[in-house]
Amino acid sequence: MRFEFEHLGTPTPFELDEGHHLLGGGPDDHVHLEGLPPGLLTLRIDSGRLMVQAVRSFTVNAVRVLPGVSRLVLPGEVLGLPDGMCLRVLAEPSAPGRAVGTVAVLKGLLTDGELRPSRAATLTCLTGLDVGRCHALAEASTDLGRGDGVSLRLRDRAVSRMHARIRREDSSFVLEDLGTPNGVFLNGVRLEAPAPLSDGDVMELGRSLLRFQAAFDEAAGAAPPVPLPGSAMEEPTETGTPRPPEGRPRRLEAWLIAGAVALALGALLATALLTATG
């Protein structure tokens, strides 16, 4: 796993293998970084998953983590350390993606466009007994708490039976507190009224931290439509970019895919008949 330690504006990259690593400024620390207190952080890397625990309070993406609390840290997140120092968890280089399924392959060949996976918005538990658990926000409303009737049950005694609710509003999600005494914190700030969620937001319920991940298209932004060769275009927009007629590219694309699938099935059937007669 790759990291980058920054002190006084100077980044120092390094890598760690799986296992337990003690990070600090002491002579006995496995990873010795000048300026840090001795034995400050314990890093546990297991199957590509990073758990971090500290003897002092630290932050992850500006959200405070208490001493002694083991916190799941995801690639791209930044650990805030004493005296303005920080530790970045670098994302691993992504392998080239591959399309899955016959229709996806045909679509890629016919449109010559880049295919991106469809992914629902999710909540990932970062601390506590449920650490690493990922819950898809597939319903219009998702209740979180310790009770039996909630959609996402947390094994945390500091969480109320009905603690918080996440509502889907069109293509966005809104977090609200259900009147709990301990409250709900969003990115370290107590929630006073329902608030919209953005990709990467961290919510705190009791002693549990959960990270919101938006759906793929919401997080990355929708790509502009790529017209198929030969498709008709309407008049240019105000910026001078042609605008495709509503619905035509999708219908044409569907017919092309259906035709390609029919041709493929016909070729398979003809091969089977030739084999049988031979």
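A residue counts as buried when its relative accessible area is under 20%. The exercises below apply to a predicted model.

**Exercise 1.** Determine whether Phe 14 and Phe 3 are buried or exposed.

*Solution.* Step 1: the relative accessible area of Phe 14 is 15%. This value falls under the 20% limit, so Phe 14 is buried. Step 2: Phe 3 has a relative accessibility of 1% and therefore also counts as buried.

**Exercise 2.** Classify the ring pair formed by Phe 3 and Phe 14, and locate its members in the chain.

*Solution.* Step 1: the ring centres of Phe 3 and Phe 14 lie 5.4 Å apart, and centres within 6.5 Å make a pair. Step 2: the planes stand at 15°; since planes under 30 degrees apart count as stacked, the pair is stacked. Step 3: Phe 3 belongs to strand S1 and Phe 14 to strand S2 (residues 10–15), so that distant parts of the chain, eleven residues apart, are linked. By this rule, the model holds two aromatic pairs.

**Exercise 3.** Describe the largest nonpolar core and the surroundings of Leu 41.

*Solution.* Step 1: the largest nonpolar core comprises 31 residues, and Phe 3, Phe 14 and Leu 41 are among those with the most contacts inside it. Step 2: the strands that each supply at least two residues of this core include S1 (2–7), S5 (41–46) and S6 (49–54). The largest share, four residues, comes from S6. Step 3: leaving aside residues up to four places away in sequence, Leu 41 touches, among others, Leu 23, Val 52, Ala 54, Leu 79, Leu 81 and Leu 87. Step 4: another core, of 22 residues, lies apart from this one and includes Val 159, Phe 173, Leu 197 and Met 203.

Technical notes
Residues numbered from 1 in each chain as written. Predicted model: local features only at pLDDT ≥ 70, side-chain atom pairs only at ≥ 80, totals over all residues. Heavy atoms only, no water. Core = buried A, V, L, I, M, F, W, Y, C linked by side-chain atoms within 4.5 Å. Buried < 20%, exposed > 50% of the residue type's maximum accessible area, 1.4 Å probe, protein only. Contact = heavy atoms within 4.5 Å. Phe/Tyr/Trp six-rings, centres within 6.5 Å; stacked < 30°, edge-to-face > 60°.
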